[in-house]
Amino acid sequence: MAEEMSRRPYHREVPKARWVLDHARYMRYMAREATCLFIGAYTLLLVVGIGRLAAGRAEYEAFLDALRSPLSIAFHLVALGFAVYHSVTWFNLTPKALPVQVGEEFLPDRVISGAHYAVWGLLSLAVLFLAGVF
Amino acid sequence: MSEREIELEVLRYDPEKDEAPRFQRYSVPCKSDWVVLDALNHVKAQQDPTLTYRWSCHMAVCGSCGMMINGEPKLACKAFLRNYTGVIRVEPLAHFPIERDLVTVIDDFVSKLARVKPYLIPKHEKPLGDGEYRQTPAELKRYKQYTLCINCMLCYAACPEYGLIPRFIGPAAITLAHRYNLDSRDGGREQRQQEIATSEGVWECSFAGACSEVCPEHVDPAGALQQVKIASTVDWYRDHLMPWLKR
């Protein structure tokens, strides 16, 4: 008969905020999550723009002038950088979430993520076309 | 074979004596093809028989010797000493209570594994005389990657969500549920969905992807969990927008 074992398991607490700094992969993950703040901020800016447009011509012209300020251009560059990082990190993960089996084999990862990049490119061209760039 | 002296810094915890874990240093003469598990075995055999840890197969099959090696979840039998310089810090798997030294309490994982019913639940039971449930190579390939899980729990030690929210069913258990859900012979998905398509199931996952990075068998639990999310979302839309389509 086995002797009764005395058990007193030791519980380690995970630090509530500092865990992010524990490993580079956690920092990369939080960097990807944080990009949404800039995308959210840019979306708010577009909403404000629509509001200014509804308010009248003078208000909209003033809004467009404000967009040309150095501060605004700096914000746009930073937001664009984060948006690209956001899109690239997510597109590169799409083969994990959307595997496609054809016959016995799965399509290579680059086909799945490549299709996302292609649609992204086409939609961007369509938006530029609608905006009258071409 | 060349030898070198390495320094191990091993977390020790004796529940009968220690109030909290502490580190103990060991100098170990190691051969160039040794893994961390060899060094621990050398310590136990030659220096300190009280050192406690789990291991069995020494070939990355049994999943027993998972531990934190320099802060990274690893199988001690697969962590070659030649890849490390300086003092090697060995700790029990993160996010699990410590039973003693490097041995963790794994009851939580085992109970979660049981909850997701990781076994075949045939669509239609048939008498033994009718033969086996047959499957094409393509149907096998659909889930085969997920059968490679060895329940080593490295993914739980890596997952920040599990560390912060222990009720999360977690990567390996949900991946194994997915493995059986994908099996053409299985009819148990409805039962498993009740456990995994929930807030403490797959919706606790925020796709940090750490589980897949540390998986020693390249199972890719993060991929499995995202696939479960998509399938569960399709279920929801089908139930709410097309209720006449019975699942």
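In chain A, 43% of the contacts with a separation of 6 or more are between residues 24 or more positions apart. The model is predicted.

**Fold and extent of chain A**

Four helices and two strands make up the secondary structure of chain A. Along the sequence their pattern is α-α-α-β-β-α. The radius of gyration of chain A is 24 Å, whereas the globule rule gives 14 Å for 134 residues; the value for chain A is well over that, so the chain is more spread out than a compact globule. Taken along the principal axes, the box filled by the C-alpha atoms of chain A is roughly 90 × 45 × 25 Å. Of the 134 residues in this chain, 4% count as buried.

**The side of chain A that touches chain B**

How many residues does the contact take from chain A and from chain B? It takes 17 residues from chain A and 28 residues from chain B. On the side of chain A that touches chain B, at least two residues come from helix H1 (24-55), and at least two come from helix H3 (70-97). H1(A) gives the largest share of this side, three residues. By residue class, the side of chain A that touches chain B divides as shown in the table.

| Class of residue, side of chain A that touches chain B | Number of residues |
|---|---|
| Nonpolar | seven residues |
| Polar | five residues |

Key: Residues numbered from 1 in each chain as written. Chains lettered and ligands numbered in written order. Predicted model: local features only at pLDDT ≥ 70, side-chain atom pairs only at ≥ 80, totals over all residues. Contact = placed C-beta atoms within 7 Å. Nonpolar A, V, L, I, M, F, W, Y, C, P; charged D, E, K, R; others polar. Rg over C-alpha atoms; globule rule 2.2 N^0.38 Å. Buried ≥ 20, exposed ≤ 12 C-beta atoms within 10 Å, placed from the backbone.
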